[in-house]
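Hello,

Here is the structure we talked about. Please open it alongside this email; my notes follow.

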Amino acid sequence: MMFPDFRVGFGYDVHTIEPGRKLFLGGVEFDAPFGLKGHSDADVLIHAICDALLGAANLRDIGYHFPPGDAKFKNIDSKILLKEVVALLQNTGFAIQNIDSTICAEEPKINPRIPEMQKTLGEIMQIDSSKISIKATTNEKIGFVGRKEGICAYAVCLIYKN
């Protein structure tokens, strides 16, 4: 009996808070007095999803494909990076089954924006938004997230060979 070629991937990303910068999470701009410090727009959720997808396909990680020292990625919209990751997967014969992710932040409130993030990410990844789970939690005022020094995100994905 042949089993389908399913692959699971895990991704994690973290960025520190930077006052005065725009905050992007899941491809959506949030109204906040801070953004995240990074070479790109520092969208931790998209970066975690990219790493999960790349890892599942054994295609290394986001830093390998989009080096933070490369000037062409300076302030780049992370949605462009995710679109390129999806193309890499498709070029190797993989398709995305689903994503499960968690954003850890003390602020802003993320839950009201989850449907918008799911819709945005679904359009980029060319999958139904019902296949993209996004959860939000605080860090109970513990650690760097709890002290509002940064935001992190985790993502798990399931992909399969077409």
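**The largest pocket**

Asp-13, His-15, Gly-38, His-39, Ser-40, His-47, Ile-62, Gly-63, Phe-66, Pro-68, Phe-73 and Leu-81 line the largest pocket. Two elements each give two or more residues to this lining: strand E1 (6-19) and helix H2 (62-65). The pocket volume is about 190 Å³. By class, the lining has five nonpolar, six polar and one charged residues.

This is a predicted model, in which local features need pLDDT of at least 70, side-chain atom pairs count only at pLDDT 80 or more, and totals for chains, interfaces and linings use all residues. Residues are numbered from 1 along each chain as its sequence is written, and side-chain values use heavy atoms, with hydrogens and water left out.

Some terms. A pocket is an open set of points on a 1 Å grid over the protein atoms alone, where a 1.4 Å probe fits, with protein on both sides within 12 Å along at least five of seven lines; lining residues have an atom within 4 Å of a point. Helices (H or I, at least four residues) and strands (E, at least two) are DSSP runs, numbered from the N terminus. Ala, Val, Leu, Ile, Met, Phe, Trp, Tyr, Cys and Pro count as nonpolar, Asp, Glu, Lys and Arg as charged, and the others, Gly among them, as polar.

The axes of H1 (44-56) and H3 come within 10 Å and cross at roughly 10 degrees. That makes H1 roughly parallel to H3 (angles under 35 degrees). Contact means heavy atoms within 4.5 Å. On the H1 side, Ile-46, His-47, Ile-49, Cys-50, Leu-53 and Leu-54 meet Ser-78, Lys-79, Leu-81, Leu-82, Val-85, Leu-88 and Leu-89 of H3. These residues divide into ten nonpolar, two polar and one charged.

H3 (residues 78-91) also packs with H4 (residues 114-125), at about 40 degrees and with axes 9 Å apart. H3 is therefore oblique to H4. Lys-79, Leu-82, Lys-83 and Val-86 of H3 touch Thr-120, Leu-121, Ile-124 and Met-125 of H4. That contact has five nonpolar, one polar and two charged residues.

**Aromatic pairs**

The whole structure holds four aromatic pairs (ring centres within 6.5 Å). Phe-10 is in strand E1 and Tyr-154 in strand E7 (residues 150-161), 144 residues apart.

**Backbone points**

Most residues other than glycine have a negative phi, and most peptide bonds are trans. Ala-42 has a positive phi of about 65 degrees. Glu-107 and Pro-108 are joined by a cis peptide bond, with omega about 0 degrees. Pro-108 lies in the loop between strand E5 (94-104) and H4.

Best wishes

Technical notes:
Points joined across faces, edges and corners; volume = space filled by probe spheres on them. Axes fitted to C-alpha atoms, helices over the stretch in contact; angles between N-to-C directions. Parallel < 35°, antiparallel > 145°, perpendicular 65-115°, else oblique. Phe/Tyr/Trp six-rings, centres within 6.5 Å; stacked < 30°, edge-to-face > 60°.
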